[in-house]
Amino acid sequence: MSSLANVLDQMTIQGELCENLSDGTVRCLACAHRCKISVGKRGICQVRFNRAGELRVPWGYVAALQADPIEKKPFSHVLPGATALTFGMLGCDFHCGYCQNWLTSQALRDPASEVAVNLVRQITPQEVVKAARRAHAEVIVSSYNEPLITSEWAVAIFKEAKAAGMICAFVSNGNATPEALEYLKPYLSACKVDLKSMQEKNYRSLGGVLKNVLDTIQKAHEIGLWVEVVTLIVPGFNDSNEELFETARFLRSVSTDIPWHVTAFHKDYKMTIPENTPSKTLLRAAEIGREAGLNYVYAGNLPGRVEEYEDTHCPHCNRTLIRRYGYVIGEYHLTGQGACLSCGTQVAGVWPENPRGVKTNGAGIPIRVY
Ligand code: SF4
């Protein structure tokens with residue numbers, strides 16, 4: 001067994017998102033793979049495993065802990081300008097060739113990520129929340145690896161965070177089960193979901209199933225989570241007009257108020273053949289989103305090169321309500337109830353009650369806190 005596996009296997013507890021089957025086999029319910037795991041075996045994500053008939057799940061550590069601008073998640077309609085204390089563990093249930101966090105996400109799946117053992121730091125939920133307080137964070141986010149597969153740990157932290165008056169969010173690939181969403185619902189306020197493609201074959205190549213992700217977006221919206229969707233636009237993979245329209249039409253069918261972020265791919269991990277996404281492709285995708293009827297469309301990762309698509313506009317009078325450059329808020333023109341200051345139209349989202357307290361012209365950069 002690798003040294004990383006040795007370390008991680010010790011940092012586990014008995015899982016809650018599972019059911020016992022016969023002969024000591026367990027079924028994990030944390031993600032839509034629904035792995036049936038017999039004694040001594042691991043699930044697809046490798047970090048959840050069956051020890052003597054008991055599902056063991058990650059617990060008691062972080063591999064990253066950072067105070068990020070909430071715009072980096074990206075959330076554009078959740079407390080703009082807020083600091084989001086973001087924690088991550090190790091492992092993922094997908095294997096995207098262009099993953100920008102592959103060192104942590106592909107732990108135990110790619111031998112090259114063995115060095116991630118050096119990132120592991122033991123910590124308690126109380127200490128995570130203390131770090132959030134020190135960073136003046138209003139939001140706590142589970143991200144960097146796939147948070148669904150470490151849901152029990154996230155809930156332990158979220159319970160403390162909620163009691164301390166913070167709101168909690170996930171940054172997920174959307175490969176959830178209804179059981180996992182119900183489990184998270186009491187603590188989670190917002191969820192960013194990646195919708196990577198509308199083609200089944202593309203999802204298969206990343207290790208997922210399209211329908212599961214579409215169902216997650218639908219269900220998360222239905223149960224009242226604030227949902228924002230990101231599509232990383234990869235040239236030649238998911239950037240045709242037809243596919244972009246299909247994505248936007250699906251989101252519109254759930255709600256025209258779901259913000260859609262189209263973001264620029266840059267070469268990473270194993271996907272080094274497509275060119276980096278040019279701004280003109282992002283602008284085309286953003287225009288398609290707007291044409292399809294979505295109220296809020298954003299173009300990300302290319303600050304200053306995507307015209308007005310970094311900003312939030314009133315869906316009624318088109319006034320610029322939030323001006324952004326990258327992760328920095330330049331102007332904020334919403335009421336404490338989240339309405340347009342010019343025409344009074346309500347803008348969907350989770351807004352600060354005190355608009356004067358919104359941090360403008362901040363540094364807009366992540367700060368490592370652990
Ligand atoms: S989280 Fe997903 S991949 Fe991991 S064991 Fe559970 S069902 Fe399998």
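Colleague: How are H3 and H4 oriented to each other in this predicted model?

Modeller: Two packed helices are described by the angle between their axes and the distance between the axes. Here, helix H3 (residues 125-134) and helix H4 (residues 151-163) have axes that come within 9 Å and cross at roughly 50 degrees. H3 and H4 are therefore oblique to each other, and their crossing is right-handed.

Colleague: Which residues in H3 and H4 meet?

Modeller: H3 contributes Pro125, Gln126, Val128, Val129 and Ala132, which meet Ala156, Ile157, Glu160 and Ala161 in H4. By class, this contact of H3 with H4 divides into seven nonpolar residues, one polar and one charged.

Colleague: Which residues of H8 and H9 meet?

Modeller: Asn241, Leu244, Phe245 and Ala248 belong to H8, and they meet Ala285, Ile288 and Gly289 in H9. The contact of H8 with H9 has five nonpolar and two polar residues, with no charged residues.

Colleague: Which residues surround the ligand?

Modeller: Among them are Cys28, Cys31, Cys35 and Cys45, together with His33, Arg34, Arg48 and Asp93. Ala30, Gly43, Ile44 and Ile149 also surround the ligand. By class, the shell around the ligand has seven nonpolar, two polar and three charged residues.

Technical notes:
Residues are numbered from 1 along each chain as its sequence is written. This is a predicted model: local features need pLDDT of at least 70, side-chain atom pairs count only at pLDDT 80 or more; totals for chains, interfaces and linings use all residues. Two residues are in contact if their C-beta atoms, placed from the backbone, lie within 7 Å. Helices (H or I, at least four residues) and strands (E, at least two) are DSSP runs, numbered from the N terminus. Ala, Val, Leu, Ile, Met, Phe, Trp, Tyr, Cys and Pro count as nonpolar, Asp, Glu, Lys and Arg as charged, and the others, Gly among them, as polar. A residue is near a molecule or strand if its C-beta atom, placed from the backbone, lies within 6 Å of it. Axes are lines fitted to C-alpha atoms, for helices over the stretch in contact, and angles run from 0 to 180 degrees between N-to-C directions. Angles under 35 degrees count as roughly parallel, over 145 as roughly antiparallel, 65 to 115 as roughly perpendicular and the rest as oblique. A crossing is left-handed if the near helix is turned anticlockwise from the far one by less than a right angle, and right-handed if clockwise.
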